[in-house]
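Here are my notes on this model, point by point. Please read them with the structure open beside you.

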Amino acid sequence: MIMVPPDLGVEDPNAFPWYFSIHSVEVADDLVRAEEAFRHIRALGGYGVRTDIFWWDVQPDNGRWDEDRFQFYLDYIARARQAGIEPMIILSGAPDWAVELYRNDRDRFWDALEAYTDRVVRAINPTVRHYQLWNEPNHIIDPIDGADDPELLRRIGRIIRRLDPNATLYVNAMANVPGW
């Protein structure tokens with residue numbers, strides 16, 4: 001039984017969508033270990049798995065996509081769905097070359113961000129319906145200036161909406177930032 005605060009308006013606490021966060025490194029980039037994790041999620045009453053498809057992981061260099069990493073994530077998503085686990089994909093993790101673009105040429109950075117978002121969403125759509133727009137954009141280690149966070153989220157969200165108008169979009173902010 002999942003305990004849901006009564007003010008959330010959830011009539012059936014067992015239907016509450018409880019996601020577990022798993023990074024690919026936490027299953028050693030191993031699909032068999034991922035399947036084991038998915039079985040544990042189900043056993044604990046979980047609904048889904050929240051996983052980053054890190055930009056730095058699938059496009060480590062400007063202009064070069066790592067097709068093997070892309071395939072790992074496609075297989076990971078397929079196995080989650082086979083296990084009855086709903087995937088939520090987090091689009092985040094700018095590679096060093098993109099951070100340099102952000103610092104030196106914002107227009108090229110936004111273009112690169114949009115290309116990453118478009119490539120990932122096209123690859124996983126329609127098997128994914130839940131997307132998190134970046135991860136903790138207000139975190140002190142995030143390389144995007146706070147003033148640009150709305151633009152970051154808008155650009156990612158706009159592409160997802162264009163490719164999947166029915167997708168559910170999420171934003172995860174870091175809650176323990178002083179003054180936030």
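1. First, a term. L44 is 26 residues from W18 along the chain, and the two C-alpha atoms are 9.8 Å apart.

2. Keep in mind that this is a predicted model. The protein has six helices and five strands. Along the sequence they follow the order β-α-β-α-α-β-α-α-β-α-β. The protein has 180 residues, and 45% of them are buried. Take the contacts with a separation of 6 or more: 75% of these join residues 24 or more positions apart.

3. Start the helix packing with α1 (residues 31-43) and α3 (residues 67-82). Their axes come within 10 Å and cross at roughly 30°. That makes α1 roughly parallel to α3, because angles under 35 degrees count as roughly parallel. The crossing of α1 and α3 is right-handed. On the α1 side, L31, V32, A34, E35 and F38 take part; on the α3 side, F72, D75, Y76, R79 and A80 do. By class, the α1 and α3 contact has seven nonpolar residues, three charged and no polar ones.

4. Helix α3 also packs on α5 (106-124). Here the angle is about 45°, with the axes 10 Å apart. That makes α3 oblique to α5. The crossing is right-handed. From α3 come E67, F70, L74 and I77; from α5 come R119, V120, A123 and I124. The α3 and α5 contact divides into six nonpolar, two charged and no polar residues. An α-helix has 3.6 residues a turn, so residues three or four places apart point the same way.

5. Which residues of α5 meet α6? They are W110, L113, E114, T117, D118, V121 and R122. Their partners in α6 are E151, L152, R155, I156, R158, I159, I160, R162 and L163. The contact of α5 with α6 holds eight nonpolar, one polar and seven charged residues. Helix α6 covers residues 149-163, and α5 and α6 pack at about 35° with their axes 10 Å apart. This crossing, too, is right-handed.

6. Now look at helix α4 (residues 96-104). Its buried residues are W97, A98, V99, L101 and Y102. These buried residues pack against α2 (55-58) and α5.

7. Is S92 buried or exposed? S92 is buried, because its relative accessible area is 4%, and buried means under 20%. S92 sits in strand β3, residues 86-92. Its side chain makes a polar contact with the side chain of D52, at 2.7 Å. Leaving out residues up to four places away in sequence, S92 touches D52, I53, F54, W55, Y116, W134 and N135.

8. Phi of W134 is near 65°, a positive value in a residue other than glycine. W134 is found in the loop between β4 and α6. W134 is buried, at 2% relative accessible area.

9. Compare D29. Phi of D29 is near 50°, again a positive value in a residue other than glycine. D29 lies in the loop between β1 and α1. At 37% relative accessibility, D29 counts as partly exposed.

10. The peptide bond from N125 to P126 is cis, with omega near 10°. P126 belongs to the loop between α5 and β4 (130-133).

Note on methods. Residues numbered from 1 in each chain as written. Predicted model: local features only at pLDDT ≥ 70, side-chain atom pairs only at ≥ 80, totals over all residues. Heavy atoms only, no water. Helix = DSSP H or I, 4+ residues; strand = E, 2+ residues; numbered from the N terminus. Buried < 20%, exposed > 50% of the residue type's maximum accessible area, 1.4 Å probe, protein only. Polar contact = N/O pair within 3.5 Å; in protein donor to acceptor, adjacent residues only side chain to side chain. Contact = heavy atoms within 4.5 Å. Axes fitted to C-alpha atoms, helices over the stretch in contact; angles between N-to-C directions. Parallel < 35°, antiparallel > 145°, perpendicular 65-115°, else oblique. Left-handed = near helix turned anticlockwise from the far one by under 90°. Nonpolar A, V, L, I, M, F, W, Y, C, P; charged D, E, K, R; others polar.
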